[in-house]
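Please open the model in the viewer and display it as a cartoon.

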Amino acid sequence: MLGQPLELLHNELGVMIGMVHAMVPLAILTMLPVMTGIDRRLTQASATLGATPAKGFWLVYFPLSLPGAAAAGLLTFISSLGFFIVPALLGGRQQTMLAQLIIVQVQEILNWAFAGALAAMMLLAALVTCWVYDRVFGLSSLSGEPSDGKAGKTGFLRALGLAILDRVASISSAIASGSHRLLGAAVSSRMLGIYSVLLFAFLMLPTLVVLPIAFTSSQFLEFPPPGYGLEWFRTYFTSDLWVAATIRSFGVAFATAIVATVIGGFAALALARSRSRWRGIIFAFFLAPMIVPRIVIAVGLFYLFAQMGLVATDLGLVIGHTVLALPFAFVAIAAVLKSYDWRLDQAAATLGANRVQALRFVTVPLIKSGLTAAFLFAFITSFDELTVAIFVSGGVKTTLPKQMWDDMILQLNPTLAAVSVVVFIVVTTLLLAAEKLRRST
């Protein structure tokens, strides 16, 4: 029993909860393509051979989904390496992370050499992790493709893993049997649904808390609000700084989405039809911005753009955001092209269509869902991006996330909640429109 409220601010527990909340969607989106490709009849077949549901999961379903789970672990680990927003807001001085140190060295102390050394150390850790993952699973599984069988080459580790899974399956089966007797069949059958509801609540409650705060009449962030009004929305819409940052964010995000979708689409199309021995290297090249911590990319872009005069320019922001968004667009389109029937292009050619006409009238309409997903991923990646914006915007060409970050540091007030509500409504509308477009095709 807790005798007093649990302290979740300015400590490691609060930082961990915040980072898990931020990383769960990335993990789900990474695991989903692999899991949806597993034939559910395999677990049904294990049940006909006498396996309990727990054993069927651990000994059949889990090994098949392991590449996706490992890919989720890889991407969340690397993303967490460069994370600084949640630790900066929820943590104290004892919870400072490496990315925060790099930002301080560049922006406050101006010790660029030490910042570069810290970024190089972070990059080395990410590359070693990716090398281990590639040796075990293969980087191709990051796009939802099946593992290339590297895990099966080490017989001893495979046998050890199967022995551990068998033991875990036995323990899980015993726990499931005990909970079934204790809770009853009705409750036990709903456990997965209950878990899904709890996970959804964990992800959505912070957003739902922000909504009423945006309409507060207080001068401070309070929940529940003492009264309601539209004062903070008027502050937002009448501020030239906020409106300019919003327009710039949408403009940069749309430009980034278009450029990333075009480049990623042509790259995925070329790679899907290629049988070159360099295919794996090219694939890893396009995934590189996804598996390199963002803070490392931001530092590198800052040094490069400083030499080219692109710091504090919209073009610099578009280029930087395109670098980050390109892997997501590439993977989204490559996943759709895996099931594309290339004989349709050949049929179009026999009817007199050249390659451009076949691409325009056959390929693009059939992969429209992948292109839409790529555009949305790129748009949201750019619109939500802060790390590159901190370095590249130069404090002049500020984006909406950068302006929100500055206000959090300087003057924490309900304007931030009002801005969050506006962004939430706009992004939700875009997602619903894209889903409607996908279903209509």
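**First stop: helix α16**

Select L359, which is found in helix α16, residues 355-366. This is a predicted model. L359 is partly exposed, because its relative accessible area is 24%, and the limits for that class run from 20% to 50%. Display the residues around it: beyond its neighbours within four places in sequence, L359 is in contact with F266, L269, V364 and P365. A distance drawn from C-alpha to C-alpha between L359 and F283 is 22 Å, for a separation of 76 residues in sequence.

**The whole chain**

The chain has 20 helices and zero strands. Its radius of gyration is 24 Å, close to the 22 Å that the globule rule gives for 441 residues, so the chain is as compact as a globular protein of that length. Along the principal axes, the C-alpha atoms fill a box of roughly 75 × 65 × 50 Å. Colouring by accessibility would show that 39% of the 441 residues count as buried. If contacts between residues at least 6 apart in sequence are considered, 72% of them join residues at least 24 apart.

**Where helix α1 meets helix α9**

Select residues 12-36 for helix α1 and residues 191-214 for helix α9. How do the two axes lie? The axes come within 11 Å and cross at roughly 115 degrees; the crossing of α1 past α9 is left-handed. Show side chains next. On the α1 side, the contact is made by I17, V20, H21, V24, P25 and I28; on the α9 side, by L199, F202, L203 and P206. By class, this contact has nine nonpolar residues, one polar residue and no charged residues.

Move on from α1 to G37, in the loop between α1 and α2 (41-48). Is G37 buried or exposed? G37 is exposed, because its relative accessible area of 64% is over the 50% cut-off. For a sense of scale, draw the C-alpha distance from G37 to T256: the two are 30 Å apart in space and 219 residues apart in sequence.

**Helix α8**

Select S188, which has its place in helix α8, residues 185-189. Leaving aside neighbours within four places in sequence, S188 is in contact with S179, H180 and L183. S188 and A120 are 50 Å apart in space and 68 residues apart in sequence.

Select residues 294-308, helix α13. Its 15 residues reach 20 Å from the first C-alpha to the last, close to the 21 Å expected at 1.5 Å a residue. The buried residues in α13 include I295, V296, I297, A298, V299, L301, F302 and F305.

Next select A312, in the loop between α13 and α14 (314-337). For context, most residues other than glycine have a negative phi. At 22% relative accessibility, A312 counts as partly exposed.

**Helix α17**

Select residues 368-383, helix α17. The 16 residues of this helix should span 22 Å at 1.5 Å a residue, and its end C-alpha atoms are 22 Å apart, which agrees. Show the side chains and pick out the buried residues: G370, T372, A374, L376, A378, F379, T381, S382 and F383.

**Last stop: helix α20**

Finish at V419, located in helix α20, residues 415-440. V419 is buried, because its relative accessible area is 0%, and buried means under 20%. What surrounds V419? Apart from neighbours within four places in sequence, V419 is in contact with Y236, W242, L400 and M404.

Conventions: Residues numbered from 1 in each chain as written. Predicted model: local features only at pLDDT ≥ 70, side-chain atom pairs only at ≥ 80, totals over all residues. Heavy atoms only, no water. Axes fitted to C-alpha atoms, helices over the stretch in contact; angles between N-to-C directions. Helix = DSSP H or I, 4+ residues; strand = E, 2+ residues; numbered from the N terminus. Left-handed = near helix turned anticlockwise from the far one by under 90°. Contact = heavy atoms within 4.5 Å. Nonpolar A, V, L, I, M, F, W, Y, C, P; charged D, E, K, R; others polar. Buried < 20%, exposed > 50% of the residue type's maximum accessible area, 1.4 Å probe, protein only. Expected span 1.5 Å × (residues − 1). Rg over C-alpha atoms; globule rule 2.2 N^0.38 Å.
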